[in-house]
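Please find my notes on this model below. They are set out as numbered points, for reading alongside the coordinates.

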Amino acid sequence: MHTVEDLAEGCRVGWRNHARCIGRLHWQSLRVMDRRDARTAEEVAQSCVEHLRYATNGGNIRNVMTVFPPTGVRIWNPQLIRYAGYRQPDGSVVGDPLNADLTEIAQRLGWRGRGGRFDVLPLVIEMPGRAPEMFELPSDAVLEVEITHPDLPWFAELGLRWHAVPAISNMAFELNGITYTAAPFNGWYVGCEIGARNFGDVGRYNMLPTVAELMGLDTRTSASLWKDRALIELNQAVLHSFRVAGVRVVDHHVAARQFVTHEEREQVAGRSTPADWAWIVPPLSASTTPTFHRGYSVQPGLSPDFHYQPDPWKSAARCPFADPQAA
């Protein structure tokens, strides 16, 4: 069993090792909350709420990681805060399509969402040998930002919003051969994670056509660069809104420069910097950032590190609602 000190240092080094994170300049500032004493789903849920409250910090987001016992505890939510996605009879989704499966799981557990585009999902927590349980997040643990634009007044009428804390909760943390299957962690957002991916991706909120139309752009041909122009305004709106709300955020140019600074510091310390190029290079204006012009490599087998886990609801052995054909 790891000591409290060993666990905290291991979590920080695990963040430093993780090849898909651009924000590793701040790895030494990670606050680690040791909740290996949690024995019930309710205790896990309460600790997640405490995590969010501490991390939110009135908008001055703090880097936090909470570690639960290495006994097979699972938080089914990909992030502690996620928006519901309601499948419609015509195949469309109201809300976030990414979370349509989890939304249906929550509904089968008794959750009744409002059917809106930004309904916060409850936590779904599985303890070893037990069926998953559901817990609503209290409103004071979920800080959200209403999205407006500094120059386009109609942007507010789109009704967009996003939560302040990106707390990843579906990854396992491995340290010295011990795997912690529930160890949520967060930094703060790079604006394009929201503007380019969450709002821009076709499989997510798919806002580019709507924004382009309201901008009066010609969407009949890609040569008009309507997607690019709409994407810029979406990202401008996100950065503007978070800053007006006093919520910590960083733009992709700053994030990329900070990563290069991290590389340089690691080199001075005699360490290499593992990185997955596709994740370190921003999805917006990539060639204008310094990371685009550098070569990176992933280093398999690093420890400590974070690893993706299969979605629990796809396992018929663990989920009472799973489709056996999908297992």
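1. The model is predicted. Ser169 is in contact with Ile75, Asn77, Pro78, Gln79, Leu80 and Pro184, leaving aside its neighbours within four places in sequence. The residue sits in the loop between S10 and strand S11 (171–175).

2. Is Ser169 buried or exposed? Its relative accessible area is 1%, and because buried means under 20%, Ser169 counts as buried. A polar atom of the Ser169 side chain lies 3.3 Å from the backbone nitrogen of Leu80. Leu80 is also among the contacts of Ser169.

3. Strands of a sheet pair through backbone hydrogen bonds, either parallel or antiparallel.

4. Inside this sheet, S2 (residues 64–67) and S13 (residues 185–186) pair in the antiparallel sense, over 2 bridges. Which residue of S13 stands opposite Met65? That residue is Phe185.

5. Gln299 is placed in the loop between helix H8 (277–280) and strand S16 (305–308). With a relative accessible area of 25%, Gln299 is partly exposed, because the value falls between the limits of 20% for buried and 50% for exposed.

6. What does Gln299 touch, not counting residues up to four places away in sequence? The residues are Ser272, Thr273 and Pro274. With Ser272 there is a polar contact between the two side chains, at 2.8 Å. Separately, the C-alpha atoms of Gln299 and Asn17 are separated by 8.9 Å, although these residues are 282 residues apart along the chain.

7. Ile105 is located in helix H3 (residues 100–108). Ile105 is buried, its relative accessible area being 6%. From C-alpha to C-alpha, Ile105 and Met134 are 9.7 Å apart in space, and they are 29 residues apart in sequence.

How values were computed:
Residues are numbered from 1 along each chain as its sequence is written. This is a predicted model: local features need pLDDT of at least 70, side-chain atom pairs count only at pLDDT 80 or more; totals for chains, interfaces and linings use all residues. Side-chain values use heavy atoms; hydrogens and water are left out. Helices (H or I, at least four residues) and strands (E, at least two) are DSSP runs, numbered from the N terminus. Buried means under 20% relative accessible area, exposed over 50%, partly exposed in between (1.4 Å probe, protein chains only). Contact means heavy atoms within 4.5 Å. A polar contact is a pair of N or O atoms within 3.5 Å; within protein, one must be able to donate a hydrogen and the other to accept it, and residues adjacent in sequence count only if both atoms are side-chain atoms. Two strands pair if DSSP finds at least two bridges between them.
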